[in-house]
Amino acid sequence: MHGRKAYQLVKEFASGEKGQLKPFNRELFGRVLEECNEHHGALQSLIRKMQEEGLDVQTARNADHYGALIHHLSLTRNKRCLMAYMYNRAEIIRVLAWKVGLLHELPEEIQEKLSDSEEEYFKDHAKTLKSYMSQMGLDVNVDMVPPKDPYIKVRVLEDVGGGIILSDKSANFARHSMHFLKRTDAEQYIARGLMEELTS
Amino acid sequence: MASYYDIDDILTEEELVPVVFHKAANGVIIDPSSETNSVEQGAKVELPLWLAQELHWRQAVSISAPPCFNQKTRLEIQADAACVDLRSRCPYFYEFGCKILPLVGDKTIEILLLSAFKIRYKETLTKAYTAAYTATSKVLTLLTREETNLYEAAQSSMAAFKKWRMGGPRLQRASVLGRKRKPVN
């Protein structure tokens, strides 16, 4: 059936949890592209046939015209499905760049799900954001609600090692240790799931 | 008009509608009963909505009401709309209905959609606010996509209200990373 594979591709995207990425389905994506080429071939051969019969392609309304029309519509439908698949994934990747990617690489299990061009998109987007923020001298990615206290208590959930840059002090961030940190310093580690905020 | 990239809109347009061809078409494999690669004039076929509506606008096919708006479903909805399993009939019941309406010119579908939605809207919200978490799975299987969204919105507003009242950590792990945690070694 026409457009069935493209539908499966979109359906697969929709069946995932909202806002979560699934692995990029290269195989199905490629097959939809193949199908597009088939439609294109069929469309051209039908038009050629009409021209050979001496008909005006613009105005003739015979069986070949409707055959060609159906192929044309299937092509645009496939295109829409492919575009929607890419676009909606790109949207999630952009969110990723805002949430976790500004200072760090993506976690491996997410990186595996991206296609090559998506990886590049992610890197470029994070880079653009970073350069914008350094030009403005403003971190646009912090919590929008003004804090009651600039310091918060956090617990380290995973071994972070020495990779932590703090503005006012240094400490040993072993797993399960608790710290009293500046909120702006801690935010990015909490977003990545390396620390959790403790409330009293 | 839905956005070009709207996933739900794309899925809605994949629903099948029964059509009758007024014009023959060559070189397409659409009619499963046909032995050649073509569709005869007068052939009755089921086509996805995206194809059917374009052909309808060019007067190549005529569309009749799809099976999810048949007499049986109407009677069930009239009896008790809240208990009808709309998801198995068509997960995009309302959106599909709105799209099919101008194509078949059946005004009763409009009334059917409105009355079904009004009754089910109330039921869905009531259940979302009151039902215990474990009892929800049975209710959820009956809902269309739109109603599921509604249900989840109601539940998350409830959860947000509780969080606001009880207090809790403001900063949390980014939800894009998924729920899974790495196993502790």
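Student: Which helix is A:His65 found in?

Tutor: A:His65 sits in helix H3 of chain A, which covers residues 63-99. Keep in mind that we're looking at a predicted model.

Student: What makes A:His65 count as buried?

Tutor: Buried means under 20% relative accessible area. A:His65 comes out at 16%, so it counts as buried. Once neighbours within four places in sequence are set aside, A:His65 is in contact with A:Met50 and A:Ala60.

Student: Over to chain B. Why is B:Leu103 called buried?

Tutor: Again the cut-off is under 20%. B:Leu103 has 8% relative accessibility, so it is called buried. This leucine lies in helix H5 of chain B, residues 93-104.

Student: What does B:Leu103 touch, leaving aside its neighbours within four places in sequence?

Tutor: B:Leu103 is in contact with B:Leu49, B:Gln53, B:His56, B:Trp57 and B:Ile63. Take B:His56: it is 47 residues away from B:Leu103 along the chain, yet their C-alpha atoms are separated by 7.7 Å.

Student: Which other residues of H5(B) are buried?

Tutor: Besides B:Leu103, the buried residues of H5(B) are B:Phe93, B:Tyr94, B:Phe96, B:Gly97, B:Ile100 and B:Leu101.

Student: How do you know that the span of H5(B) is close to what's expected?

Tutor: The expected span is 1.5 Å times one less than the number of residues. H5(B) has twelve residues, for which 16 Å is expected, and its first and last C-alpha atoms are 16 Å apart. Just after this helix, B:Gly105 takes a positive phi of about 65 degrees.

Student: What is the phi of B:Gln59 near?

Tutor: It is near 55 degrees, a positive value in a residue other than glycine. As a rule, most residues other than glycine have a negative phi. You'll find B:Gln59 in the loop between helix H2 (49-57) and strand E5 (61-63) of chain B.

Student: Is B:Gln59 buried or exposed, and what makes it so?

Tutor: Exposed takes over 50% relative accessible area. B:Gln59 has 57%, so it is exposed.

Student: Which residues line the largest cavity?

Tutor: The lining is made of B:Ala82, B:Arg120, B:Glu123, B:Thr124, B:Lys127, B:Val139, B:Leu142 and B:Leu143. Helix H6 of chain B (residues 107-130) supplies the largest share, four residues. The space inside is about 70 Å³, and the structure holds one cavity of 30 Å³ or more.

Student: How many helices and strands does chain B have?

Tutor: Chain B has eight helices and five strands. Along the sequence they run α-β-β-β-β-α-β-α-α-α-α-α-α. Of the 185 residues in chain B, 39% are buried.

Student: And what does the predictor's confidence look like for chain B?

Tutor: The average pLDDT of chain B is 83, and 89% of the residues score at least 70. For the complex, the predictor gives an ipTM of 0.83 and a pTM of 0.83.

Student: Where does pLDDT stay under 50 in chain B?

Tutor: That happens over residues 181-185, for which the model has six contacts beyond four places in sequence. Where pLDDT is low, the predicted coordinates should not be read in detail.

Technical notes:
Residues are numbered from 1 along each chain as its sequence is written. Chains are lettered from A and ligands numbered from 1 in the order in which they are written. This is a predicted model: local features need pLDDT of at least 70, side-chain atom pairs count only at pLDDT 80 or more; totals for chains, interfaces and linings use all residues. Side-chain values use heavy atoms; hydrogens and water are left out. On a 1 Å grid over the protein atoms alone, a cavity is a set of points where a 1.4 Å probe fits but cannot get out, and a pocket is an open set with protein on both sides within 12 Å along at least five of seven lines; lining residues have an atom within 4 Å of a point. Grid points are joined across faces, edges and corners, and a volume is the space filled by probe spheres set on the points. Helices (H or I, at least four residues) and strands (E, at least two) are DSSP runs, numbered from the N terminus. Buried means under 20% relative accessible area, exposed over 50%, partly exposed in between (1.4 Å probe, protein chains only). Contact means heavy atoms within 4.5 Å. pLDDT is the predictor's confidence in each residue, from 0 to 100.
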